[in-house]
Amino acid sequence: FVPLMRKLSVNNILVVFSCLLREQKVVVCSSNEKLLTPIAEALRALLFPFEMQSIYIPMLPPSLTDVLYAPVPFFIGSGSLLELHRVTQTMPTGGAPGLGQLPEEPRSMVDIA
């Protein structure tokens with residue numbers, strides 16, 4: 001829990017915790033990729049005794065950014081927020097190729113720098 005407590009304020013931890021409990025889409029971004037998995041695992045551990053039923057990818061490779069358009073809840077770790085934004089801007093508006101318009105859903109992005 002040490003990396004989590006050092007990088008996020010208690011308020012931000014509670015916001016992410018709340019989003020995970022409500023099964024929203026959550027993306028945790030960091031330019032320091034060594035922090036992603038320990039922080040994601042600490043956030044998952046906070047859910048105990050509950051278990052996530054959604055997609056969990058602690059470190060999303062840039063080649064799989066289409067997952068961000070999945071119509072299901074997820075908890076994903078990604079490289080820097082700027083890199084994630086650059087990759088997703090090349091995709092068609094409203095969803096992945098061939099899927100048409102997707103509805104807006106609640107989602108949270110957390111940049112842990």
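Where is the place of E23? I looked there first. E23 falls in the loop between α2 (10-21) and β1. I kept in mind that this is a predicted model.

**Entry: E23**

I checked how open the position is. E23 has 46% relative accessibility, so I put it down as partly exposed. Next I asked what E23 touches, not counting residues up to four places away in sequence. I found Q53 and P73. Then I took a distance to V72. The C-alpha atoms of E23 and V72 are 8.9 Å apart. Along the chain, 49 residues separate E23 from V72.

**Entry: strand β1**

I moved on to β1, which spans 25-29. How many residues of β1 are buried? I counted 5 of the 5. The rest of the structure therefore largely encloses β1. I then sorted the residues by direction. K25, V27 and C29 point one way from the strand. V26 and V28 point the other way. Residues on both sides are buried.

I looked for the partner of β1. It pairs with β3 (residues 74-78) through 4 bridges. How do β1 and β3 run, parallel or antiparallel? They run parallel. At C29, I noted S78 of β3 standing opposite.

**Entry: cysteines**

I looked up two cysteines. C19 has a relative accessible area of 3%, so I listed it as buried. For C29 the value is 0%, and C29 is buried too. How many disulfides does the structure hold? I found 0. For my own reference, a disulfide is a covalent bond between the sulfur atoms of two cysteines. My cut-off for calling one was a pair of cysteine sulfur atoms within 2.5 Å.

**Entry: S30**

I went on to S30. This residue sits in the loop between β1 and α3 (36-46). Is S30 buried or exposed? With a relative accessible area of 0%, under the 20% limit, S30 is buried. I then looked for polar atoms around its side chain. A polar atom of the S30 side chain lies 3.0 Å from the backbone nitrogen of N32.

**Entry: rings**

I found 1 aromatic pair in the structure. I also checked for a charge over a ring. Which residue lies over the face of Y56? I found R44 there, 4.4 Å from the ring centre.

How values were computed: Residues are numbered from 1 along each chain as its sequence is written. This is a predicted model: local features need pLDDT of at least 70, side-chain atom pairs count only at pLDDT 80 or more; totals for chains, interfaces and linings use all residues. Side-chain values use heavy atoms; hydrogens and water are left out. Buried means under 20% relative accessible area, exposed over 50%, partly exposed in between (1.4 Å probe, protein chains only). Helices (H or I, at least four residues) and strands (E, at least two) are DSSP runs, numbered from the N terminus. A polar contact is a pair of N or O atoms within 3.5 Å; within protein, one must be able to donate a hydrogen and the other to accept it, and residues adjacent in sequence count only if both atoms are side-chain atoms. Rings of Phe, Tyr and Trp (its six-membered ring) pair if their centres lie within 6.5 Å; planes under 30 degrees apart count as stacked, over 60 as edge-to-face and the rest as tilted. A charge sits over a ring if NZ of Lys or CZ of Arg is within 6 Å of the ring centre and within 35 degrees of the ring normal. Two strands pair if DSSP finds at least two bridges between them. Contact means heavy atoms within 4.5 Å.
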